[in-house]
Amino acid sequence: VTDTRGVAVASNEVVVGPGAKPGLFFPALALINPGDQVVYPDPGFPTYKAMIQVAGGIGVPVPLRPDGASFDMAALRAAVTPDT
């Protein structure tokens, strides 16, 4: 990473895995409890919804801004409840 991106990285700061999906899925399994509501971007990575469901959560899709750069913050605020 130092050579290709110009970012100094120590070996103890690197995690090597079999791809992005396990890197997202395992924390989801650890953090999502059955019945938890979990917001996710829509459109977004297609696996988000499936990971949430497998972990027992309830997916709550939240639209992105028209430029796709971030959540529509009003929609995100409306989607967050005490069960989120």
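Trainee: In which sense do strand S1 and strand S2 pair, parallel or antiparallel?
Mentor: This is a predicted model, and in it strand S1 covers residues 37-42 while strand S2 covers residues 58-63. The two strands are joined over six bridges, and Tyr 40 stands opposite Pro 61 in S2. The sense in which S1 and S2 pair is parallel.

Trainee: Which helix makes a right-handed β-α-β unit with S1 and S2?
Mentor: The two strands of this unit are S1 and S2, which pair over six bridges. The helix that belongs with them in the right-handed unit spans residues 47-54, and that helix is H3.

Trainee: What is the area of the nonpolar surface patch that includes Val 14?
Mentor: Val 14 lies in the loop between helix H1, residues 2-5, and helix H2, residues 20-31. The patch is made by Val 14 together with Val 1, Val 7, Val 9 and Val 16. Its area is about 450 Å².

Trainee: Is Val 14 buried, partly exposed or exposed?
Mentor: The class of Val 14 follows from its relative accessibility, which is 45%. Buried would need a value under 20% and exposed a value over 50%, so with 45% Val 14 counts as partly exposed.

Trainee: Why is the pair of Phe 25 and Phe 26 called tilted, and what is the angle between the ring planes?
Mentor: A pair of aromatic rings is described by the distance of the centres and the angle of the planes. The structure holds two aromatic pairs, and in the one formed by Phe 25 and Phe 26 the ring centres are 6.0 Å apart. Planes under 30 degrees apart would count as stacked and those over 60 as edge-to-face, so this pair is tilted, with its planes at 45°.

Trainee: Which residue forms an edge-to-face aromatic pair with Phe 45?
Mentor: In this pair the rings are 5.6 Å apart, centre to centre, with 70° between the planes.

Trainee: How far apart are the closest N and O atoms of the salt bridge between Arg 65 and Asp 67?
Mentor: The structure holds one salt bridge. Arg 65 is partly exposed, with a relative accessible area of 36%, whereas Asp 67 is exposed at 53%. The closest N and O atoms of Arg 65 and Asp 67 are apart by 2.7 Å.

Note on methods
Residues numbered from 1 in each chain as written. Predicted model: local features only at pLDDT ≥ 70, side-chain atom pairs only at ≥ 80, totals over all residues. Heavy atoms only, no water. Pairing = 2+ DSSP bridges. Helix = DSSP H or I, 4+ residues; strand = E, 2+ residues; numbered from the N terminus. Right-handed = clockwise from strand over helix to strand, strands pointing away. Patch = residues over 30% accessible without salt bridge, like charges linked within 9 Å, V, L, I, M, F, W, Y side chains within 5 Å. Areas by Shrake-Rupley, 256 points an atom, 1.4 Å probe, with all protein chains shown as cover. Salt bridge = Lys/Arg side-chain N within 4 Å of Asp/Glu carboxyl O. Buried < 20%, exposed > 50% of the residue type's maximum accessible area, 1.4 Å probe, protein only. Phe/Tyr/Trp six-rings, centres within 6.5 Å; stacked < 30°, edge-to-face > 60°.
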